[in-house]
Amino acid sequence: MYIFGIDIPILELLVIFSTVVVVYLVILEFEFRQLRVITRKFDSEELQLSNEMRELRKEVGNLKDIIKGMK
């Protein structure tokens, strides 16, 4: 097909474009899988951190009670 006086093979161009899009989508799928794994690990670490912070607050409260009892 001629566009602006240049012969452009439309069918081959569509095949190349489609191949590039499919490869790009496959790469995105792998990246999203990795992001899901990272997000799950982050959520579990955040849950563990909140549990440890709760325990720390409880221990600090106990320590304050002990100090108040000594006065």
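Predicted model: local features only at pLDDT ≥ 70, side-chain atom pairs only at ≥ 80, totals over all residues.
Visitor: What is the mean pLDDT of the chain?

Guide: The term pLDDT stands for the predictor's confidence in each residue, from 0 to 100. Here the chain has a mean of 91, and 94% of its residues reach 70 or more. Among the elements of the chain, the lowest mean, 68, belongs to strand β1 (residues 2–3), whereas the highest, 94, belongs to α1.

Visitor: Which pattern do the elements follow along the sequence?

Guide: Helices (H or I, at least four residues) and strands (E, at least two) are DSSP runs, numbered from the N terminus. In this chain there are two strands and one helix, and reading along the sequence gives β-β-α. Helix α1 covers residues 10–70.

Visitor: How does the radius of gyration of the chain stand beside that of a compact globule?

Guide: The radius of gyration is taken over C-alpha atoms, and the globule rule is 2.2 Å times the number of residues to the power 0.38. For 71 residues a compact globule would have a value near 11 Å, but this chain has 30 Å. Along the principal axes, its C-alpha atoms fill a box of roughly 95 × 20 × 5 Å. Two pairs of residues illustrate distances along the chain. Gln34 and Phe4, 30 residues apart in sequence, have C-alpha atoms 45 Å apart, while Ile66 and Glu12, 54 residues apart along the chain, have C-alpha atoms separated by 81 Å.

Visitor: What share of the residues is buried?

Guide: Buried means under 20% relative accessible area, exposed over 50%, and partly exposed in between (1.4 Å probe, protein chains only). Buried residues make up 0% of the 71 residues. Gln34 counts as exposed because its relative accessibility is 54%, and Ile66 counts as exposed at 52%; helix α1 holds both Gln34 and Ile66.

Visitor: Where on the surface is there a nonpolar patch?

Guide: Patches are made of residues with over 30% relative accessible area and no salt bridge, like charges being joined within 9 Å and nonpolar side chains (Val, Leu, Ile, Met, Phe, Trp, Tyr) within 5 Å. Accessible areas come from the Shrake-Rupley method with a 1.4 Å probe, and for residues only the protein chains shown count as cover. In this structure Phe17, Val21, Tyr24 and Leu25 form such a patch, with about 430 Å² of accessible area together. Val21 lies in helix α1 and is partly exposed, since its relative accessibility is 34%.

Visitor: How many salt bridges does a search of the whole structure find?

Guide: Side chains of opposite charge can pair when their charged atoms come close. A salt bridge is a side-chain nitrogen of Lys or Arg within 4 Å of a carboxyl oxygen of Asp or Glu. The search finds two. Glu29 pairs with Arg33, their closest N and O atoms being 3.2 Å apart, and with Arg36 at 3.8 Å. Because Glu29 and Arg33 are four residues apart in helix α1, about one helical turn separates them.

Note on methods
Residues numbered from 1 in each chain as written. Heavy atoms only, no water.
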